[in-house]
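Please look through the sequence and the structure shown here.

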Amino acid sequence: MSVKENLYNNVERLKNEIENISEFIFEHAELGNEEYVSSAYLVEKLKDYGFQVTYPYLDIPTAFRAEYKKGEGLKVAFLPEYDALPGYGENKNQTAHACGHNWIAASTVGAAISLATLNENFNGIIVVIGTPAEETVGGKCELVEKGAFSDIDAVIQMHLGAENNINVLTLAMDSIEFNFSGVAAHAACYPEKGVNALDAVNLMFAGVNALRQHMKSDARVAGIITEGGMACNVVPDKASCRYYIRSKERSYLKELTQKIINCAKGAALMTGAELEYHNFENSYDNLIYNESLRNLLRKNLEDLGVENFVNDFEASGSSDIGNVSQVCPTVYCEIDTGAYPQVFAHHESFLDYVHGKNAENTLQIATKAMAYTALQIFLEPQLLIK
């Protein structure tokens with residue numbers, strides 16, 4: 001029996017365990033940085049399989065790091081995510097895994113324990129780094145800043161999606177909140193005594209909209225007004241807005257972000273309002289692919305029957321996996337849920353394909369493909385060309 005067959009048989013032997021992980025995380029959906037039940041469950045599961053665990057990790061309460069040594073060698077990391085999204089159910093008040101992070105947790109931990117219990121000799125260190133709050137502040141950004149990946153030789157992660165895509169393009173993103181302070185006054189009796197903060201926000205939106213025709217085609221800018229006054233007869237003295245600013249490359253994003261800040265400064269100057277701005281979430285970097293890892297993972301997926309890959313690089317929003325890819329070799333891809341017609345992440349219909357019977361096949365494929373990609377690197381380190 002080949003080492004690949006041995007590994008795949010091991011994954012199949014652990015099938016129920018891996019599916020149970022997915023179901024538990026699905027049934028205990030928690031928001032970002034509140035994943036106390038989910039992270040503790042994954043930690044105990046990894047301990048059951050002999051992993052040495054640090055929890056919490058790097059002063060992040062719901063992050064963890066687990067390691068299993070199969071001799072000295074490269075360190076290959078799998079990255080579980082386990083935060084969910086708000087706003088689901090009949091009354092839109094439930095937290096649910098509409099992005100499938102329960103599936104990601106199960107497939108990554110499944111790959112790790114399948115390798116740890118594999119009856120084969122190889123040299124390497126299996127690492128599992130639990131990464132909270134991907135949907136909100138981007139926990140991986142903080143982990144990168146604190147050096148969590150400084151000793152990692154390769155990172156592997158997969159995501160459920162609407163198609164098979166090994167060429168996922170995640171955009172670099174800045175998240176900025178702009179706060180304008182003016183002077184309140186009676187809007188009818190003494191309007192001349194007021195400084196209208198809402199006017200500043202509106203002028204900023206006009207400036208950003210005028211800027212759009214001069215942006216590169218890969219740039220995306222989306223904004224909302226979060227505060228704009230409380231009563232029509234009072235000149236608003238406080239107004240705020242938030243923007244997500246994205247681009248294919250961090251270098252251009254830096255230029256574009258400064259232009260949007262200049263729009264805010266111009267709006268403040270025109271109205272006389274005071275301006276304060278800050279990042280309200282971590283800044284995400286664009287994803288850099290390691291070609292060796294990508295070729296290995298694609299071949300392994302194809303051998304498992306995955307086909308019809310998207311050929312072009314397709315934008316997939318922004319993700320903190322991009323920050324990880326900036327500091328160590330990374331492969332990340334999406335696998336089709338198999339739903340017809342297609343279902344898309346974050347939609348209520350996606351929930352039916354991230355767990356249960358509809359997720360069994362994709363969960364097995366992802367676990368096998370990631371585990372075997374890591375095993376190939378452990379057995380032949382020269383495959384990993386940095």
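A polar contact is a pair of N or O atoms within 3.5 Å; within protein, one must be able to donate a hydrogen and the other to accept it, and residues adjacent in sequence count only if both atoms are side-chain atoms. Such a contact, of 2.9 Å, joins the side chains of threonine 117 and asparagine 10. The model is predicted, so local features need pLDDT of at least 70 and side-chain atom pairs count only at pLDDT 80 or more, while totals for chains, interfaces and linings use all residues. Residues are numbered from 1 along each chain as its sequence is written, and side-chain values use heavy atoms, with hydrogens and water left out.

Threonine 117 is found in the loop between helix H4 (101-116) and strand E6 (125-130). Helices (H or I, at least four residues) and strands (E, at least two) are DSSP runs, numbered from the N terminus. Not counting residues up to four places away in sequence, threonine 117 touches Asn10, Arg13, Leu14 and Tyr49, where contact means heavy atoms within 4.5 Å. With a relative accessible area of 28%, threonine 117 is partly exposed; buried means under 20%, exposed over 50%, and partly exposed in between (1.4 Å probe, protein chains only).

Next comes the interior. A nonpolar core is a set of buried Ala, Val, Leu, Ile, Met, Phe, Trp, Tyr and Cys residues joined through side-chain atoms within 4.5 Å. The largest such core has 70 residues, of which Phe51 and Leu115 touch the most other members. Helix H10 (residues 360-379) gives the most to this core, eleven residues. Another core, of 29 residues, lies apart from it and includes Met204 and Tyr252.

Phenylalanine 51 is buried, at a relative accessible area of 3%. Aromatic pairs are the last topic. Rings of Phe, Tyr and Trp (its six-membered ring) pair if their centres lie within 6.5 Å; planes under 30 degrees apart count as stacked, over 60 as edge-to-face and the rest as tilted. A search of the whole structure finds ten aromatic pairs. In one of them, the rings of phenylalanine 51 and tyrosine 68 have centres 5.3 Å apart and planes at 55°, so this pair is tilted. Because phenylalanine 51 lies in the loop between helix H3 (36-48) and strand E1 (52-54), and tyrosine 68 in strand E2 (residues 64-69), the pair ties together parts 17 residues apart in sequence. The rings of tyrosine 244 and phenylalanine 280 are stacked, because their centres are 5.9 Å apart and their planes at 10°.
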